[in-house]
Amino acid sequence: MADTDSVFEFLHMQIVEYIHDVHGKESENNATTKLEEMGFTIGQRLAERFTKETARFKDDLDVMKYICKEFWTALYKKQIDNLRTNHQGVFVLQDNRFRLLTQISDTEEFIVPAAKYLSLPCGLIRGALANLGIPSIVGAEITTMPMCKFTINIQKH
Amino acid sequence: MAVCVAVIAKENHPLFLRTMSPEEELKFHYTVHTSLDVVEEKVSSLTKSSNDPRELYLGLLYPTEDYKVYGYVTNTKIKFVVVVESANNFLRDNEIRMMFQRLHVAYTDMFCNPFYNAGENITSRRFEKVVENMMKQD
Amino acid sequence: MSRQNSARADGKKVSSELFTLTYGALVAQLVKDFESDEAVNKKLDEMGYNIGVRLIEDLIAKGNVGRCHDLRETADIIAKLGFKMFLGVTPVVTKWSTAADEFSLILENNPLAEFVELPSGHENLNYSNILCGVLRGALEMVQMEVEISFVQDALRGDDTTELRVKFIKRLEDAIPAGEE
């Protein structure tokens with residue numbers, strides 16, 4: 001049976017729909033925040049689990065590299081395709097084929113609604129980093145489907 | 001084997017502490033609290049040194065007349081402290097290490113319970129059972 | 001120490017932990033959002049239904065499911081294909097009714113509930129109720145109306161996790177493709 005892991009994406013789509021229905025009535029922002037928070041708790045737990053047998057981290061950069069390679073691979077079975085940094089606390093992680101966007105149609109007009117599918121993944125990254133001792137703000141943008149760029153802004157700590 | 005097992009949050013407040021005899025709880029709270037400074041020192045001096053094994057297990061933190069205090073720190077800065085009696089000479093380093101690894105697995109599973117929130121006191125029955133086992137075996 | 005992670009070579013695109021923990025975050029959120037366990041159960045069932053409808057379309061489109069001739073055959077496919085795909089485990093099909101219109105699916109271990117300890121005061125929560133909805137939705141798409149319920153749940157201290165599936169009727173050329 002090939003390529004049947006649409007299950008997770010279907011679940012994620014249901015969650016996004018539900019949160020927007022229930023928490024997004026007054027403002028879209030509430031729904032975004034809610035999804036981000038959910039993602040945060042998931043990220044915290046995943047970081048706890050996945051770093052159980054990982055050597056102690058040296059510094060922030062060590063953690064970022066870990067997120068792009070091992071963590072991403074453990075989650076999505078692929079690495080981040082490109083990591084860039086301005087060496088002042090901003091990191092841009094590019095995934096050329098982000099798993100959670102592959103089920104959503106890949107025409108231009110879907111880019112805007114597709115953005116709501118990125119709140120939870122952004123929260124997930126923020127939660128994982130926070131649990132590994134790096135407070136941050138995480139945003140994402142889609143340039144061409146299903147390519148996605150996550151921008152991580154590390155907060156002073 | 002262990003007479004006290006403790007889990008300490010990132011922010012250094014206790015999440016869980018179990019002692020062999022309940023009367024000694026206060027005493028061990030103090031012991032564990034004191035050991036946190038040693039954990040911090042050990043981690044920072046190790047990280048600076050070039051031959052840091054980067055292991056989560058930190059080994060013996062310090063011995064007292066009656067006890068030996070061991071430490072372990074996860075990548076998420078959760079500290080585990082295990083106290084054994086000094087008289088207990090049967091325990092090798094490797095066994096202590098394995099004890100911590102079991103504790104770590106139990107902690108991680110507990111942390112993944114969707115109804116548990118980070119920083120809360122640990123009340124999980126499953127986790128308690130693992131700790132009880134660590135205190136029973138000899 | 002090695003930095004190997006448990007990336008499983010099972011053809012799955014995302015990790016089972018991500019799936020389990022995301023589902024957990026959903027249930028925890030629903031428990032906050034709704035007053036009663038029954039309302040949470042109902043919502044999970046609805047969401048499962050929507051997933052089931054799409055999943056079976058996927059399966060059929062890929063030609064992985066043929067026509068079933070009787071309920072036994074259907075039960076077999078649910079266990080070996082449906083559950084395997086959704087959860088990565090295969091339940092045991094058993095406890096057939098004499099009329100052969102009811103059976104149980106027994107889950108030795110339930111990956112959805114792997115780390116879960118139910119909070120007190122939620123005795124009526126069917127944590128994995130999404131499974132009922134997924135089955136209901138999927139079977140409706142192949143013209144079968146069924147009733148599904150949890151009769152045992154290891155999370156609540158039962159020996160095992162058991163889903164009871166009851167065949168109600170065949171839906172003759174009905175078109176229930178819409179979502180709930």
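The model is predicted. Chain C holds 4 helices and 4 strands, and its strands form an open antiparallel sheet. Chain C also makes contacts with chain B, and helix H2 of chain C packs against helix H1 of chain A.

**Chain C: overall make-up**

- Along its sequence, chain C follows the pattern α-α-α-β-β-α-β-β.
- Chain C has 180 residues, and 39% of them count as buried.
- Among the contacts in chain C with a separation of 6 or more, 58% are between residues 24 or more positions apart.

**Chain C: the sheet**

- The order of the 4 strands across the open sheet is S1-S2-S4-S3, and their pairing is antiparallel.
- Strand S1 (92-94) and strand S3 (144-152) of chain C are the edge strands, each pairing on one side only.
- On average, neighbouring strands of this sheet are turned by 25° against each other, direction ignored.
- S1(C) and strand S2 (residues 102-107) of chain C run antiparallel and are joined by 3 bridges.
- Val92(C) has Ile106(C) in S2(C) as its bridge partner.
- In a regular strand, side chains alternate between the two faces of the sheet.

**Chain C: helices across the sheet**

- Helix H3 (residues 71-87) of chain C lies across S1, S2 and strand S4 (161-170) of chain C.
- The angle between H3(C) and S1(C) is about 155°.
- Helix H4 (residues 130-141) of chain C lies across S3 and S4 of chain C, and runs at about 165° to S3(C).

**Gly82 of chain C**

- Gly82(C) has its place in helix H3 of chain C.
- Leaving aside residues up to four places away in sequence, Gly82(C) touches Ile77(C) and Ala138(C).
- Gly82(C) and Ala138(C) are 56 residues apart in sequence, while their C-alpha atoms are 9.0 Å apart in space.

**Contacts between chains**

- Helix H1 (residues 6-23) of chain A and helix H2 (residues 37-61) of chain C have axes that come within 10 Å and cross at roughly 145°.
- The crossing of H1(A) and H2(C) is right-handed.
- On the H1(A) side, the residues that meet H2(C) are Ser6(A), Val7(A), Phe10(A), Leu11(A), Gln14(A) and Tyr18(A).
- On the H2(C) side, the residues are Met47(C), Asn50(C), Ile51(C), Arg54(C), Leu55(C) and Asp58(C).
- The residues of this contact between H1(A) and H2(C) comprise 7 nonpolar, 3 polar and 2 charged.
- Between chains B and C, 10 residues of chain B are in contact with 10 residues of chain C.
- The side of chain B that touches chain C is made up of 3 nonpolar, 2 polar and 5 charged residues.

**The nonpolar core**

- The largest nonpolar core has 124 residues.
- Which residues touch the most other members of this core? They are Ala128(A), Val82(B), Val83(B) and Leu135(C).
- Not counting residues up to four places away in sequence, Ala128(A) touches Gly43(A), Gln44(A), Leu46(A), Ala47(A), Ile67(A) and Phe71(A).

- Strand S1 (residues 82-85) and strand S2 (residues 90-95) of chain A pair in the antiparallel sense over 4 bridges.
- Asn82(A) stands opposite Gln94(A) in S2(A).
- The hairpin of S1(A) and S2(A) has 4 residues between the strands.
- Most residues other than glycine have a negative phi.
- His87(A), which is not glycine, has a positive phi near 60° and lies in the loop between S1 and S2 of chain A.
- His87(A) is exposed, because 7 other C-beta atoms lie within 10 Å, and a residue with 12 or fewer counts as exposed.
- Lys77(A) is not a glycine either, and has a positive phi of about 60°.
- Lys77(A) is found in the loop between helix H3 (60-76) and S1 of chain A.
- Lys77(A) is partly exposed, with 18 other C-beta atoms within 10 Å.

Technical notes: Residues numbered from 1 in each chain as written. Chains lettered and ligands numbered in written order. Predicted model: local features only at pLDDT ≥ 70, side-chain atom pairs only at ≥ 80, totals over all residues. Pairing = 2+ DSSP bridges. Helix = DSSP H or I, 4+ residues; strand = E, 2+ residues; numbered from the N terminus. Axes fitted to C-alpha atoms, helices over the stretch in contact; angles between N-to-C directions. Contact = placed C-beta atoms within 7 Å. Left-handed = near helix turned anticlockwise from the far one by under 90°. Nonpolar A, V, L, I, M, F, W, Y, C, P; charged D, E, K, R; others polar. Core = buried A, V, L, I, M, F, W, Y, C linked by C-beta atoms within 7 Å. Buried ≥ 20, exposed ≤ 12 C-beta atoms within 10 Å, placed from the backbone.
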